[in-house]
Amino acid sequence: MTINASDAFDKLLAIEEIKQLFAARLRCMDNKEWDRYAGFHTDDVVSDSWASPDAAPQTDASKIGKQVTGSQALAAAIRSTLDGAVTVTSVHHGHTPEITLTSPTTATGIWAMEDKLWWTNTATGTTEHLHGYGHYHEEYRLEDGRWLISYRNLTRLRVDSTPGFHDR
């Protein structure tokens, strides 16, 4: 089998750019850089992150089990989850990416993930937490020379949390 070195380089470069995109999104989310968060996504991004039980603490029951569509709506939803009435400190890790280029301008990715969330329960003054394990299933699109996230779904394999995690 003959591999065209130019094609191989372009594919590896695209995969590396997607890895950098994913890492930057997680870092900005944990650092609460809300002015940058929407920019990691296409304008029409769809997120099924809240479809998974225990995906994130919610103060708005209308979001549980719902899709969020649009980069600005997603940024607002993430912000309200992590930086709303109760501030949540978060650490998100993505590991062992499986990235497949599906065309010159589209790709899919599956990332093993682990996240930890901590906040103070305002009623009791105690620290609450969630430690989750699972996978991000994502789709990416190349727009104006930049890879962006166009779809995301979070699935959980295990969640360890304090009692009343969603009652903050």
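Strands E3 and E4 form a hairpin, with two residues between them. A strand here is a DSSP run of E with at least two residues, a helix is a run of H or I with at least four, and both are numbered from the N terminus. What you're looking at is a predicted model, where local features need pLDDT of at least 70 and side-chain atom pairs count only at pLDDT 80 or more, while totals for chains, interfaces and linings use all residues. Residues are numbered from 1 along each chain as its sequence is written, and side-chain values use heavy atoms, with hydrogens and water left out.

E3 covers residues 89-103 and E4 covers residues 106-120, and the two pair in the antiparallel sense over twelve bridges.

Strand E5 (residues 127-143) runs antiparallel to E4, and 15 bridges join them. Lys116 stands opposite His131 in E5, and Thr106 has Arg141 as its bridge partner there. This pair makes a hairpin too, with six residues between the strands, and Gly125 takes a positive phi near 80 degrees in it.

Zoom out, and you get an open sheet of six strands in the order E2-E1-E6-E5-E4-E3, with mixed pairing. Strand E2 (68-69) and E3 stand at the edges with a single partner strand each, so one side of each has no neighbour in the sheet. Helix H1 packs on this sheet, touching E1 (41-47), E3, E4, E5 and E6 (146-161), and its direction makes about 160 degrees with that of E3. Contact means heavy atoms within 4.5 Å, and the angles, from 0 to 180 degrees, are taken between N-to-C directions of axes fitted to C-alpha atoms, for helices over the stretch in contact. Helix H3 (residues 71-83) lies across E1, E2, E3, E4 and E6, at about 55 degrees to E1.

Is Glu138 buried or exposed? At 2% relative accessibility, Glu138 counts as buried, and Arg25 is buried as well, at 0%. (Buried means under 20% relative accessible area, exposed over 50%, partly exposed in between, using a 1.4 Å probe and protein chains only.) Leaving aside neighbours within four places in sequence, Glu138 is in contact with residues including Phe22, Arg25, Trp111 and Arg152.

Key:
Pairing = 2+ DSSP bridges.
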